[in-house]
Structure formats: C-alpha cells, structure tokens
Amino acid sequence: MIFGESHYDDEAFGDTGHQSDFTPKVVEDIITNKKNVRFFKYIGQLFHEEDWTEIWKKVAFANLIQYVFEKGDHPQAEHIETITSFYEYLDELKPDKAIVCSSRAWLNWFPKHIDDKAGIEIGRAHV
C-alpha cells in the first residue's frame with residue numbers, strides 16, 4: 001500500500017473538493033496513458049525504472065487527505081483531520097507493507113492525529 005499526501009486538480013478531472021472517484025481516475029490515467037504526474041513517476045521509478053507505471057498496477061494507492069485541492073491551495077485543519085482514513089485503509093486492505101510518501105504528514109500530522117489511536121504504534125524516521 002502506498003500513501004500520498006493529497007491530490008491537486010487539473011483540467012482533466014474537473015471540480016475540486018471531496019471526490020470519491022478522483023484517485024481511481026488518476027491512477028487509471030497513469031497506467032493506461034502513462035500520464036506524466038511527477039509524484040507517480042518518481043515513486044514508480046523506485047520500483048521499476050524502465051516502466052514506472054508497472055508498480056501502480058500492483059499496489060493499492062490512497063491519499064492521506066481525502067480532499068482534492070486547487071493548485072496552490074494548502075490543507076487546512078478540517079482537511080488534515082481526514083488522515084485518520086489511514087486506519088480505515090489498513091483495516092480494510094490489510095497490506096503487508098505501507099509506505100507513507102509525505103514527510104510533511106509523517107513529521108507534522110501523524111503525531112497529532114495518528115499516534116493517539118489505541119493499539120497502533122507508529123514509528124518515525126528522520127532522514
């Protein structure tokens with residue numbers, strides 16, 4: 001399971017806000033059309049340099065923030081609260097491994113919104 005931080009809208013996907021089908025559309029566009037989205041390309045190249053789309057066919061992906069922003073917007077407190085969906089994804093999908101690809105979320109938001117959840121211990125690494 002790979003977690004990103006949040007999505008930013010572009011012309012291909014329309015209105016911003018909470019959209020349950022936005023992430024699947026983005027991932028499908030990356031796999032099908034090799035749409036060059038920097039985050040997905042860079043993470044994909046870590047797993048398969050020649051075909052960076054290959055990993056996205058094999059993993060579950062979700063964003064920690066369940067909101068689509070307009071370019072240039074920044075998450076507010078009500079958006080950051082949605083990162084508790086992290087546990088819902090883990091409970092439902094039961095992945096062997098989870099990678100959080102957001103240093104801002106890991107270092108700033110997890111201590112405030114995640115560590116207090118009963119029965120789950122999360123460690124942090126400072127690189």
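Q: What is pLDDT, and over which residues does it stay under 50?
A: pLDDT is the predictor's confidence in each residue, from 0 to 100. This structure is a predicted model. Over residues 118–127, pLDDT stays under 50. For that stretch the model has 14 contacts beyond four places in sequence.

Q: What is the mean pLDDT of the protein?
A: The mean is 76. Of the residues, 75% reach 70 or more.

Q: How many aromatic pairs does the structure hold?
A: Rings pair if their centres lie within 6.5 Å. The structure holds nine such pairs. One of them joins Phe39 and Trp56.

Q: Is the pair of Phe39 and Trp56 stacked, edge-to-face or tilted?
A: Look at the angle between the planes. Under 30 degrees is stacked, over 60 is edge-to-face, and the rest are tilted. For Phe39 and Trp56 the angle is 40°, with 6.4 Å centre to centre. The pair is tilted.

Q: Which parts does the pair of Phe39 and Trp56 tie together?
A: Phe39 lies in helix H2, residues 38–47. Trp56 lies in the loop between H2 and strand E3, which covers 61–63. The pair therefore ties together parts that are 17 residues apart in sequence.

Q: What kind of pair do Phe40 and Trp56 form?
A: Their ring centres are 4.9 Å apart. Their planes stand at 70°, so this pair is edge-to-face. Phe40 sits in helix H2 and Trp56 in the loop between H2 and E3, 16 residues apart. This pair, too, links distant parts of the chain. Both Phe40 and Trp56 are buried.

Q: Which residues do ring pairs link into a cluster?
A: Ring pairs can chain rings together. Here they link Phe3, Phe86, Tyr87 and Tyr89.

Q: Where is Ser85, and what does Ser85 touch?
A: Ser85 is in helix H4, residues 85–93. Its relative accessible area is 8%, so Ser85 is buried. Leaving aside residues up to four places away in sequence, Ser85 touches Asn63, Leu64 and Gln66.

Q: Which residues form a nonpolar patch on the surface?
A: A patch takes residues with over 30% relative accessible area. Leu46, Phe47 and Ile99 form one, with about 310 Å² of accessible area together. Phe47 lies in helix H2. With a relative accessible area of 44%, Phe47 is partly exposed.

Methods: Residues are numbered from 1 along each chain as its sequence is written. This is a predicted model: local features need pLDDT of at least 70, side-chain atom pairs count only at pLDDT 80 or more; totals for chains, interfaces and linings use all residues. Side-chain values use heavy atoms; hydrogens and water are left out. Rings of Phe, Tyr and Trp (its six-membered ring) pair if their centres lie within 6.5 Å; planes under 30 degrees apart count as stacked, over 60 as edge-to-face and the rest as tilted. Helices (H or I, at least four residues) and strands (E, at least two) are DSSP runs, numbered from the N terminus. Buried means under 20% relative accessible area, exposed over 50%, partly exposed in between (1.4 Å probe, protein chains only). Contact means heavy atoms within 4.5 Å. Patches are made of residues with over 30% relative accessible area and no salt bridge: like charges are joined within 9 Å, nonpolar side chains (Val, Leu, Ile, Met, Phe, Trp, Tyr) within 5 Å. Accessible areas come from the Shrake-Rupley method with a 1.4 Å probe; for residues, only the protein chains shown count as cover. A salt bridge is a side-chain nitrogen of Lys or Arg within 4 Å of a carboxyl oxygen of Asp or Glu.
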